[in-house]
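Subject: Handover of a structure

Dear colleague,

Please find below the structure that I am handing over to you. I would be grateful if you could look it over before reading the notes that come after it.

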Amino acid sequence: MMTRKEQFPAIAASFGLNPGAMHALLQLDPSEPQSMSTLAGAWKCDASNVTWLIDRLEENGLVERRAHPHDRRVRTVLLTRKGAKVRSQIEARMFEAPDAFRELSARDLDALARILHKLVPHESLR
């Protein structure tokens with residue numbers, strides 16, 4: 001994953017996003033609208049930064065703002081269908097196996113999996 005981090009700006013650009021907006025999209029809960037203040041807390045940033053990021057996502061049709069059902073003063077953010085689809089596509093690109101892994105034989109992949117299971121406690125894989 002760390003070696004792939006260098007590719008994140010290019011992945012973001014391929015979807016018309018900057019890396020910050022891509023990260024924000026990936027952090028949104030697809031099943032639960034979240035308030036702007038909740039996002040600011042979760043992302044550990046100023047509310048103005050959240051507004052800027054959500055503006056970029058909204059301009060691309062990936063999220064929409066709605067009034068909170070119980071407090072009309074609060075705005076919530078939720079993924080649109082397009083946003084959920086783009087999010088899935090980004091995740092697929094981010095987690096593609098690197099060329100070095102695709103070139104390994106099935107036997108080598110099995111050996112690698114066995115070694116990694118020995119190195120990483122099973123609880124952390126869940």
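This is a predicted model: local features need pLDDT of at least 70, side-chain atom pairs count only at pLDDT 80 or more; totals for chains, interfaces and linings use all residues.

Overall form. The protein has 126 residues, and a compact globule of that length would have a radius of gyration near 14 Å, whereas the value for this protein is 18 Å. Along the principal axes, the C-alpha atoms occupy a box of roughly 60 × 35 × 25 Å. Buried residues make up 28% of the 126. The accessible surface amounts to about 8,800 Å², and carbon and sulfur atoms account for 55% of that area. Where contacts link residues at least 6 apart in sequence, 49% of them join residues at least 24 apart.

Charge. There are 19 positive and 16 negative side chains, and 3 Å separates the centres of the two sets.

Secondary structure. The protein contains 7 helices and 3 strands. In sequence order these elements give the pattern α-α-β-α-α-β-β-α-α-α.

The sheet. The 3 strands make an open sheet with antiparallel pairing, in the order S1-S3-S2. Its edges are strand S1 (34-35) and strand S2 (63-67), each of which pairs on one side only. Strand S3 (residues 75-79) runs antiparallel to S2 and is joined to S2 by 5 bridges.

Two loop residues. Lys44 lies in the loop that connects helix H3 (36-43) and helix H4 (47-59). Its phi is positive, at about 55°, although Lys44 is not a glycine. For context, most residues other than glycine have a negative phi. Lys44 counts as exposed because its relative accessibility is 74%, and the cut-off for that class is over 50%.

Glu103 is located in the loop between helix H6 (99-102) and helix H7 (106-119). With a relative accessibility of 67%, Glu103 is therefore also classed as exposed. Glu103 and Gln34 are 69 residues apart along the chain, and their C-alpha atoms are separated by 42 Å.

With kind regards

Note on methods:
Residues are numbered from 1 along each chain as its sequence is written. Side-chain values use heavy atoms; hydrogens and water are left out. Helices (H or I, at least four residues) and strands (E, at least two) are DSSP runs, numbered from the N terminus. Buried means under 20% relative accessible area, exposed over 50%, partly exposed in between (1.4 Å probe, protein chains only). The radius of gyration is taken over C-alpha atoms; the globule rule is 2.2 Å times the number of residues to the power 0.38. Contact means heavy atoms within 4.5 Å. Accessible areas come from the Shrake-Rupley method with a 1.4 Å probe; for residues, only the protein chains shown count as cover. Lys and Arg count as positive and Asp and Glu as negative; His and the chain ends are not counted. The place of a charge is taken as NZ of Lys, CZ of Arg, CG of Asp or CD of Glu. Two strands pair if DSSP finds at least two bridges between them.
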